[in-house]
Amino acid sequence: GLTNVIITNYDGRYIPGIENTFDRVLLDAPCTGLGVISRDASIKARRTMMDIKKASHLQRELLRKAVDYCKVGGYIVYSTCSFAVEENEAVIDYICKKRFVKIVDTGIEFENKAFTKYKDSRYNDRIKYCLRVMPHIHNMDGFFVAKLLKIKNGERDTSEIKKSKEEIKKTDLKKCKINKKEQVNKKADSKKLKRKQ
């Protein structure tokens, strides 16, 4: 009896003519299913790192499009049933660099927040607002949820991000050099004082 529903069978990456159309977009992304191992132990034997990399690539493409399909001021919810950081935090960090979106609080009270650091990677600080549901803690399937607010249409200029990072590094290096000079000068001054005494 629903009259405002349309069911389509498109590849989510290539739906024509719907850019900036929706107020809300839910992307329950295809994933490796690592969060449901407790129900399907065969996943442990079937999944490889290559599967995680392939899933992550597809998720990034789908999430870019999900953001493009949403109106400015609209919300995109991204979720997977996987534990892999590559499929979760890394994908959200990627979209924050590629599109004008802001990670917002889901409004769900959970003690398990997403990772802002993993191995050598450092992610967007606001990823702490994303959620991780852990089977051994919550007695549920493993799950990841992120809520994004679309701020502006279009793509971010990644060259500007790289430039700003390089500028930060340069200023940090300058500060380090200045601090080292100050330390050397202080040591020299203290030696002079000792000699005078």
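Close-up 1. Lys 65 has a relative accessible area of 24%, so it counts as partly exposed; here buried means under 20% relative accessible area, exposed over 50%, and partly exposed in between, using a 1.4 Å probe and protein chains only. This is a predicted model, where local features need pLDDT of at least 70, side-chain atom pairs count only at pLDDT 80 or more, and totals for chains, interfaces and linings use all residues. Residues are numbered from 1 along each chain as its sequence is written, and side-chain values use heavy atoms, with hydrogens and water left out. Lys 65 makes a salt bridge with Glu 19, and their closest N and O atoms are 3.9 Å apart. That pair links distant parts of the chain, with Lys 65 in helix α2 and Glu 19 in the segment before β1, 46 residues apart. A salt bridge here is a side-chain nitrogen of Lys or Arg within 4 Å of a carboxyl oxygen of Asp or Glu. As for helices (H or I, at least four residues) and strands (E, at least two), they are DSSP runs numbered from the N terminus. Glu 19 is partly exposed as well, at 39%.

**Close-up 2. Glu 61 and Arg 13 meet in a salt bridge.** Their side chains come together at 2.7 Å, N to O. Glu 61 sits in helix α2 and Arg 13 in the segment before β1, so this pair ties together parts that are 48 residues apart in sequence. Glu 61 is buried, with a relative accessible area of 17%, while Arg 13 is partly exposed at 22%.

**Close-up 3. Arg 46 and Asp 40 form another salt bridge.** The closest N and O atoms of this pair are 3.2 Å apart. Both partners are partly exposed: Arg 46 has a relative accessible area of 46%, and Asp 40 has 29%. Elsewhere, salt bridges that share partners join Asp 11, Arg 13 and Glu 61 into one network. Searching the whole structure turns up nine salt bridges.

**Close-up 4. Helix α3 is largely enclosed by the rest of the structure.** Helix α3 covers residues 89-98, and eight of its ten residues are buried. The buried ones are Glu 89, Ala 90, Val 91, Ile 92, Asp 93, Tyr 94, Ile 95 and Cys 96. So what covers them? The cover includes α2 (49-69), β2 (70-80), β3 (99-104), β6 (131-133) and β7 (143-155), where contact means heavy atoms within 4.5 Å.

**Close-up 5. The largest pocket holds about 460 Å³ of space.** A pocket is an open set of points on a 1 Å grid over the protein atoms alone, where a 1.4 Å probe fits, with protein on both sides within 12 Å along at least five of seven lines; lining residues have an atom within 4 Å of a point. The volume is the space filled by probe spheres set on the points. There are 19 lining residues, and Ile 15, Ile 18, Phe 22, Val 25 and Tyr 69 lie nearest the centre. Strand β1 gives the largest share of the lining, six residues. By type, the lining splits into 13 nonpolar, two polar and four charged residues; Ala, Val, Leu, Ile, Met, Phe, Trp, Tyr, Cys and Pro count as nonpolar, Asp, Glu, Lys and Arg as charged, and the others, Gly among them, as polar.
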